[in-house]
Amino acid sequence: MASSRRDKGDGSIRKRPNGSWEGRYKYKNDLGQEITKSVYAPTQTEVKRKLKDLIKGIETAEQEDGIKPNDLLLGEWLNIWLKDYKKNSVSPATYASYHQNIEQHIRPALGNAELQKIKPHHIQKVLNEMGQATPERKALAPWTVIKVKNILSGAFEQAIRNQILLVNSIRATVSPKMEQKEIHILTDYEQKEFLNACKGHRLEALYTLALATGMRRGEILALSWDNVNLNTKSIMVKSSVSRIKDPDTQKTDLIFSEPKTKAGRRSVPIVDSLIPVLESHKERQDSEKATAGSAWNERNLVFCSNVGSIIEPRRVCTTMDKIADKAGLEHFTFHALRHTFATRMLEANVPAKVVQDILGHADVTLTLNTYSHVIGTTAHEQIAKINDLFATAEEKPPKPSIQNRIAKSKEQGNKKEAIEKTQPSQKKKRDEPEL
């Protein structure tokens with residue numbers, strides 16, 4: 001088998017068993033991976049020319065845009081992106097969510113595809129299929145599809161910055177239509193019945209606080225007494241707690257994390273009627289602390305177990321179901337308490353911007369979109385305030401012009417002055433004796 005070695009960087013040429021010729025060129029990409037490219041021709045002269053063109057094309061691409069051709073798989077790049085660029089830059093919950101969506105939805109569909117060869121239509125096909133039901137699974141919700149798309153977009157953007165890709169193919173794809181999810185709002189009756197059923201329960205203050213502030217479950221469970229000020233009637237939301245599975249160790253743990261956005265770290269006002277509820281809860285907790293003695297966990301949590309440790313988030317929901325059963329109500333999610341609070345605020349004509357601040361929404365648009373059904377119910381009441389602007393002449397007499405009002409005022413003033421001048425003479429006549 002004939003072969004010829006060339007200068008370093010010029011590749012190599014060999015004659016194949018079938019009589020044709022092969023030219024090979026090896027190089028390393030930006031990730032340190034060794035890449036081999038081959039060209040073939042019937043003659044040695046022809047393969048030399050092809051090999052020269054191949055090397056020139058690779059070097060030209062490197063000089064012009066720094067993009068070296070490689071056969072890096074999407075699955076391989078996602079591993080690098082997660083470990084080196086995301087694990088230490090996002091919250092544990094977000095990292096776990098990225099990992100779960102990649103393993104469940106992205107890797108099975110595109111993991112073995114070469115990153116540089118993935119086109120928009122490849123991704124669009126996957127996104128479309130995710131939104132369609134199959135015999136094995138239900139159609140995924142639009143929000144899940146969009147989340148997958150955003151993860152891919154983030155990974156592709158980083159690949160561009162690393163000079164592995166020229167363009168982000170995700171930008172050319174179309175997201176599924178997002179339909180407004182129907183949210184459960186407790187009626188006035190349901191709210192009162194639920195609160196009545198909570199009376200005397202160890203977690204009465206927790207559910208009352210949720211309905212009175214709209215705080216999330218994780219925010220309430222992470223709340224410490226240090227961030228509750230009954231004198232100023234306010235609560236500082238600084239953290240949240242949730243049970244998270246570590247993708248690397250496969251173990252779950254209760255993790256405290258800061259709010260995702262600046263708006264999430266906020267001050268929440270509390271109503272006067274909530275203060276005695278919290279005070280009573282504190283007295284009960286102090287009694288439990290005294291009973292627990294040295295076994296008490298000094299986290300200073302507002303809501304905790306009878307030894308001061310974190311309450312399992314799922315237990316809050318299962319307990320709520322039992323209370324709902326006691327009240328004869330259908331089960332609802334803990335998030336329904338937050339929706340109910342926001343609805344009551346908007347029904348009372350509290351400005352949407354104020355509701356946004358209390359809920360911790362990053363943008364008022366989210367508040368308006370989520371609770372547009374409530375805002376719509378007061379539309380007729382609000383627009384009635386400008387009804388007089390469109391009243392006809394028969395319905396309402398026109399207001400006099402400013403000039404007419406000034407002239408009328410002067411006329412009334414002149415009449416008053418004339419009357420005052422005549423008053424002394426009239427008094428004198430009344431004082432004279434009758435003849």
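**Close-up views of a predicted model**

**Figure 1. The lining of the largest cavity.** The residues that line the largest cavity are M215, E219, A222, L223, S224, N227, M236, V237, K238 and S239. The model shown here and in the following views is predicted. The largest cavity has a volume of about 40 Å³, and the structure holds one cavity of 30 Å³ or more. Sorted by class, five residues of this lining are nonpolar, three are polar and two are charged.

Figure 2. Strand β9 spans residues 266-269 and includes R266. With a relative accessible area of 5%, R266 is buried, since the limit for a buried residue is under 20%. Leaving aside residues up to four places away in sequence, R266 touches M215, R216, E219, I235, M236, V237, R338, D357, I358, L359 and G360.

**Figure 3. The packing of helix α6 with helix α10.** Helix α6 covers residues 188-198 and helix α10 covers residues 313-327; they pack at an angle of about 110°, and their axes are 9 Å apart. The two helices are therefore roughly perpendicular, a term that applies to angles from 65 to 115 degrees. On the α6 side, the contact involves E193, F194, A197 and C198, which meet M320, I323, K326 and A327 of α10. Six residues of this contact are nonpolar, two are charged and no residue is polar.

**Figure 4. The crossing of helix α3 and helix α5.** The axes of α3 (residues 92-110) and α5 (residues 142-161) cross at roughly 105° and come within 10 Å. The helices α3 and α5 are therefore roughly perpendicular to each other. From α3, the residues S97, Y98, N101, I102, H105 and I106 meet T144, K147, V148, I151 and L152 of α5. This contact has six nonpolar residues, four polar residues and one charged residue.

**Figure 5. T367 in helix α13.** T367 is placed in helix α13, which spans residues 364-370. The relative accessibility of T367 is 0%, and the residue thus counts as buried. When residues up to four places away in sequence are not counted, T367 touches A352, V355, Q356 and H361.

**Figure 6. Two loop residues with positive phi.** K233 is not a glycine, yet it has a positive phi of about 55°. The loop that holds K233 runs between β5 (228-229) and β6 (234-237). K233 is partly exposed, at a relative accessible area of 34%. N349, likewise a residue other than glycine, has a positive phi near 65°. N349 belongs to the loop between α11 (335-347) and α12 (352-359). With a relative accessible area of 41%, N349 is partly exposed.

**Figure 7. The protein chain as a whole, for orientation.** The protein chain contains 16 helices and nine strands. It has 435 residues, of which 35% count as buried. Among the contacts in the chain with a separation of 6 or more, 58% are between residues 24 or more positions apart.

Key: Residues numbered from 1 in each chain as written. Predicted model: local features only at pLDDT ≥ 70, side-chain atom pairs only at ≥ 80, totals over all residues. Heavy atoms only, no water. 1 Å grid on protein atoms, 1.4 Å probe; cavity = no way out; pocket = protein on both sides within 12 Å on 5 of 7 lines; lining within 4 Å. Points joined across faces, edges and corners; volume = space filled by probe spheres on them. Nonpolar A, V, L, I, M, F, W, Y, C, P; charged D, E, K, R; others polar. Axes fitted to C-alpha atoms, helices over the stretch in contact; angles between N-to-C directions. Helix = DSSP H or I, 4+ residues; strand = E, 2+ residues; numbered from the N terminus. Parallel < 35°, antiparallel > 145°, perpendicular 65-115°, else oblique. Contact = heavy atoms within 4.5 Å. Buried < 20%, exposed > 50% of the residue type's maximum accessible area, 1.4 Å probe, protein only.
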